[in-house]
Amino acid sequence: MVRVLLIDDDEINNFTVEAVLGKVDFIQSYEIKESGWEALDYLRECEKEDHFPDLILVDINMPEMDGHEFIERYEATFWDNHPTTKISMLSSSISESDRKKSMAYSSVSEYAFKPLTKEKLATIIT
């Protein structure tokens with residue numbers, strides 16, 4: 001069973017992803033945060049309560065803190081203690097430079113295009 005954290009400021013995308021997550025048998029629980037700051041606070045609580053996510057889906061383009069900045073802060077704060085947590089960058093960008101920059105992070109295992117589907121989610125998790 002997999003615990004998922006989605007970080008995205010787009011309500012329509014969040015609605016779509018929530019529908020996908022709700023239909024997948026291997027998802028134990030999921031949480032949606034609309035900013036990197038909210039997500040970092042949530043992860044601190046998860047660490048205290050010992051229920052850290054197995055998968056984090058992060059949108060690249062967000063206000064205040066974009067996905068790349070979130071990953072930098074995540075790696076500095078959580079990566080050493082949670083190296084098995086998979087991170088997938090979600091994007092509607094087909095830019096090769098966005099993909100390369102995202103995949104250069106140690107914690108990022110996947111670069112996925114929106115919209116997230118059940119099939120893409122299964123590929124990310126496996």
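Here are some questions and answers about helix packing, backbone geometry and aromatic pairs in this predicted model.

User: How do helix 2 and helix 3 pack, roughly parallel or roughly antiparallel?
Analyst: Happy to take that one! Helix 2 (residues 36–49) and helix 3 (residues 67–77) pack at an angle of about 20°, with their axes 10 Å apart. Angles under 35 degrees count as roughly parallel. Helix 2 is therefore, relative to helix 3, roughly parallel.

User: Which residues of helix 3 make the contact with helix 2?
Analyst: Helix 2 brings Gly 36, Trp 37, Ala 39, Leu 40 and Leu 43 to the contact. By type, the residues of this contact divide into six nonpolar, one polar and one charged. On the helix 3 side, the contact is made by Phe 70, Arg 73 and Tyr 74.

User: What is the handedness of the crossing of helix 2 and helix 3?
Analyst: This is the helix pair whose axes lie 10 Å apart. Their crossing is right-handed.

User: Which residue is joined to Pro 115 by a cis peptide bond?
Analyst: Good one to check, since most peptide bonds are trans. Pro 115 sits in the loop between strand 5 (108–113) and helix 5 (118–125). Omega is about 0° for the bond, and the partner of Pro 115 is Lys 114.

User: Is Asp 50, with its positive phi, buried or exposed?
Analyst: Most residues other than glycine have a negative phi. Asp 50 has phi near 55° and lies in the loop between helix 2 and strand 3 (55–59). Its relative accessibility is 68%, and the cut-off is over 50%, so Asp 50 counts as exposed.

User: What is the phi of Glu 64?
Analyst: Glu 64 is found in the loop between strand 3 and helix 3. At 69% relative accessibility, this residue counts as exposed. Its phi is positive, near 65°.

User: How are the rings of Phe 52 and Tyr 74 arranged?
Analyst: The structure holds five aromatic pairs, and this is one of them. The ring centres are 6.4 Å apart, with 35° between the planes. Phe 52 lies in the loop between helix 2 and strand 3 and Tyr 74 in helix 3, so the pair ties together parts 22 residues apart in sequence. Both residues are buried, and the arrangement is tilted.

User: How many residues apart in sequence are the parts that Phe 52 and Phe 78 tie together?
Analyst: Their ring centres are 5.6 Å apart and the planes stand at 45°, so this pair is tilted. Phe 52 and Phe 78 are both buried. Phe 78 is in the loop between helix 3 and strand 4 (86–91), so the pair ties together parts separated in sequence by 26 residues.

User: Which residues form one aromatic cluster?
Analyst: Phe 52 pairs with Tyr 74 and with Phe 78. With Phe 70 included, the cluster is formed by Phe 52, Phe 70, Tyr 74 and Phe 78.

Conventions. Residues are numbered from 1 along each chain as its sequence is written. This is a predicted model: local features need pLDDT of at least 70, side-chain atom pairs count only at pLDDT 80 or more; totals for chains, interfaces and linings use all residues. Side-chain values use heavy atoms; hydrogens and water are left out. Axes are lines fitted to C-alpha atoms, for helices over the stretch in contact, and angles run from 0 to 180 degrees between N-to-C directions. Helices (H or I, at least four residues) and strands (E, at least two) are DSSP runs, numbered from the N terminus. Angles under 35 degrees count as roughly parallel, over 145 as roughly antiparallel, 65 to 115 as roughly perpendicular and the rest as oblique. A crossing is left-handed if the near helix is turned anticlockwise from the far one by less than a right angle, and right-handed if clockwise. Contact means heavy atoms within 4.5 Å. Ala, Val, Leu, Ile, Met, Phe, Trp, Tyr, Cys and Pro count as nonpolar, Asp, Glu, Lys and Arg as charged, and the others, Gly among them, as polar. Buried means under 20% relative accessible area, exposed over 50%, partly exposed in between (1.4 Å probe, protein chains only). Rings of Phe, Tyr and Trp (its six-membered ring) pair if their centres lie within 6.5 Å; planes under 30 degrees apart count as stacked, over 60 as edge-to-face and the rest as tilted.
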